[in-house]
Amino acid sequence: MVDDLLRRTPPDYEAVIRDYLGGQWNNNAPSKPLPHFERMAHADVLNAIAAAYHGKNCREGYGRLPGETGHVPWSMFFLRTTQGGQLDGTGYLVRYGNGPEGPLTGRFAICRHEFAPTGTREQSMRGWKPGYCRHCGLDMSIDSGD
Ligand SMILES: [Zn+2]
């Protein structure tokens, strides 16, 4: 199982995410809806953006929600990264709204990552937690610097 994960090449989320954001790359709205989209309260999205590492990678674009067709308003995306700084294919969306409902906020995930540790107990006790996503093979290793 672990050997399979180590051999697997994870998706290039920098490239994959363009299919979902459109905007600055495609100059139009994407056709694919954001995967695993969940609406969130505005305050919770603001808090996530304010948290370290979640607000640093901001992109403009469009986010199509499941079931939407035609024109969609523009959005700002706050993309999450691995500790190594690579996009992990998840993030938050703040969609502009000029009506009484205001902005629409939520999160999405191209993959619902699930950490599979590959390190030893000794490594883990020193704060080094190597591992990969069970589903896509993304390197999710964490060095807590203990
Ligand atoms: Zn994954």
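Me: Where is G22 found?
Reply: G22 sits in the loop between α3 (18-21) and β1 (38-39). Helices (H or I, at least four residues) and strands (E, at least two) are DSSP runs, numbered from the N terminus. Residues are numbered from 1 along each chain as its sequence is written. This is a predicted model: local features need pLDDT of at least 70, side-chain atom pairs count only at pLDDT 80 or more, and totals for chains, interfaces and linings use all residues.

Me: Is G22 buried or exposed?
Reply: G22 is buried, because 22 other C-beta atoms lie within 10 Å. Buried means 20 or more such atoms within 10 Å of the residue's own, exposed 12 or fewer, partly exposed in between; C-beta atoms are placed from the backbone.

Me: How far is the C-alpha atom of G22 from that of W74?
Reply: They are separated by 9.7 Å, with the two residues 52 apart along the chain.

Me: New topic. What is the strand order in the open sheet?
Reply: β1-β5-β4-β3-β2, five strands with antiparallel pairing. Two strands pair if DSSP finds at least two bridges between them. The edges are β1 and β2 (58-62), each pairing on one side only.

Me: And how many residues of β4 are buried?
Reply: Seven of the nine in β4 (residues 87-95). This strand pairs with β3 (residues 74-81) over six bridges, and with β5 (residues 104-109) over six bridges.

Me: Which residue in the β3-β4 hairpin takes a positive phi?
Reply: G85, near 95°. Five residues lie between the strands there.
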